[in-house]
Amino acid sequence: MLKDNAYFKCHCGQSVCIERFLCCTSTQDMAKVILSRKNTFLNILLLISENQVYGQSRKGFDWLSPPGAMSGTYIISYPSQASSMVRFSSMTAALSVAEMLGSIGISSKIKWENDVFVDECKISGILSEEVKNSRDNSYVLVGIGINCNIDTNITGFENYSSILSKTGKKLEMKVLWETLSSRILVNFGELFSSGFEGICERINKALLWRGRSASFSSHKNGTTIGILVKIDEFGRAILRENNGNETPCSHGSLKLNA
């Protein structure tokens, strides 16, 4: 159910259109419906839901977005010449979330390739998808969930972090969405115009588990164990194995070794 529409001007000077819902299955699903119906060109549109009953994860699981969570999807158009950069959307969004958190005094780390952690606990997750609308225009859907005004002392949230748990107070989500949208606009503008190199450098400065022993598991190549060195220019996690070889890893999951 649609609640209201609005615009706000971001800190970078650009405007973002918002469509807010009291409740929906998932903002990713709503974004696809909107794109299937709209024929007009969109620069960036943000869908926000106060309650999301079938949120989606990168691994295809459904999850319930609890009250106090920031749940939204950005619909971002991109030029055809930037299509090769779309695969870096999740990492670019994760950097944007980390920068938003930094603006309110919360130091965070980016977990390859689509999560943000605070003190080894997850605070945000990202899901990105490439889609085309009825006129064959190209868009990337960037779904973002952030634990905002959630008490992580309640059952089920013991291994998570939240903005409330780190600041000790409930913050206005509208202000946080404005700050995040500014970073999304700036970072995706850089990604689509200049490439991934600058984004990658900033991600590596905030990379979770960098310099620590980690395991990377994939269906294709099995498990690789080594020291997490960096994210390379192709968005792959680089692990230095015991024999000194640096192995690029992609299309799998990364976890910290005990």
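A crossing of two helices is left-handed if the near helix is turned anticlockwise from the far one by less than a right angle, and right-handed if clockwise. With that in hand, here is a tour of the model.

## Ground rules

This is a predicted model, so keep the thresholds in mind: local features need pLDDT of at least 70, side-chain atom pairs count only at pLDDT 80 or more, and totals for chains, interfaces and linings use all residues. Residues are numbered from 1 along each chain as its sequence is written, and side-chain values use heavy atoms, with hydrogens and water left out.

Helices (H or I, at least four residues) and strands (E, at least two) are DSSP runs, numbered from the N terminus.

## Helix α2 against α4

Let's start with helix α2 (residues 89-103) and helix α4 (residues 173-194), whose axes come within 9 Å and cross at roughly 140°. Axes here are lines fitted to C-alpha atoms, for helices over the stretch in contact, and angles run from 0 to 180 degrees between N-to-C directions. The two helices are therefore oblique to each other (angles under 35 degrees count as roughly parallel, over 145 as roughly antiparallel, 65 to 115 as roughly perpendicular and the rest as oblique). The crossing of α2 and α4 is right-handed. On the α2 side, the contact (heavy atoms within 4.5 Å) involves residues including Thr92, Leu95, Ser96, Glu99 and Met100, while α4 brings in, among them, Leu180, Arg183, Ile184, Asn187 and Phe188. The residues of this α2 and α4 contact split into nine nonpolar, six polar and two charged. In this tally, Ala, Val, Leu, Ile, Met, Phe, Trp, Tyr, Cys and Pro count as nonpolar, Asp, Glu, Lys and Arg as charged, and the others, Gly among them, as polar.

As for α4 itself, its 22 residues reach 31 Å from first C-alpha to last, close to the 32 Å expected at 1.5 Å a residue (the expected span is 1.5 Å times one less than the number of residues). Just after α4, Gly195 takes a positive phi of about 100°.

## Helix α2 against α5

α2 also meets helix α5 (residues 197-205): their axes come within 10 Å and cross at roughly 55°. α2 and α5 are therefore oblique to each other too, but this crossing is left-handed. Met91, Thr92, Leu95 and Glu99 of α2 touch Ile199, Arg202 and Ile203 of α5. That contact comprises four nonpolar, one polar and two charged residues.

## The five-stranded sheet

Over in the strands, an open antiparallel sheet runs in the order β14-β13-β12-β11-β15, where two strands pair if DSSP finds at least two bridges between them. β14 and β15 (253-256) sit at the edges, each pairing on one side only. Direction ignored, neighbouring strands are turned by 45° against each other on average.

Six bridges link β11 (residues 213-218) to β12, with Ala214 partnered by Gly226. Four bridges join β12 (residues 222-231) to β13 (residues 237-240), and Ile227 stands opposite Arg240. Their hairpin has five residues between the strands, and Gly235 takes a positive phi near 80°. Another four bridges tie β13 to β14 (residues 246-249), where Leu239 has Thr247 as its partner. This hairpin also has five residues between its strands, with Gly244 in the turn at a positive phi of about 90°.

The peptide bond from Trp112 to Glu113 is cis, with omega near 0°; Glu113 lies in the loop between β7 (109-111) and β8 (115-118). Asp119 has a positive phi of about 50° although it is not a glycine, and Asp119 belongs to the loop between β8 and β9 (121-132).
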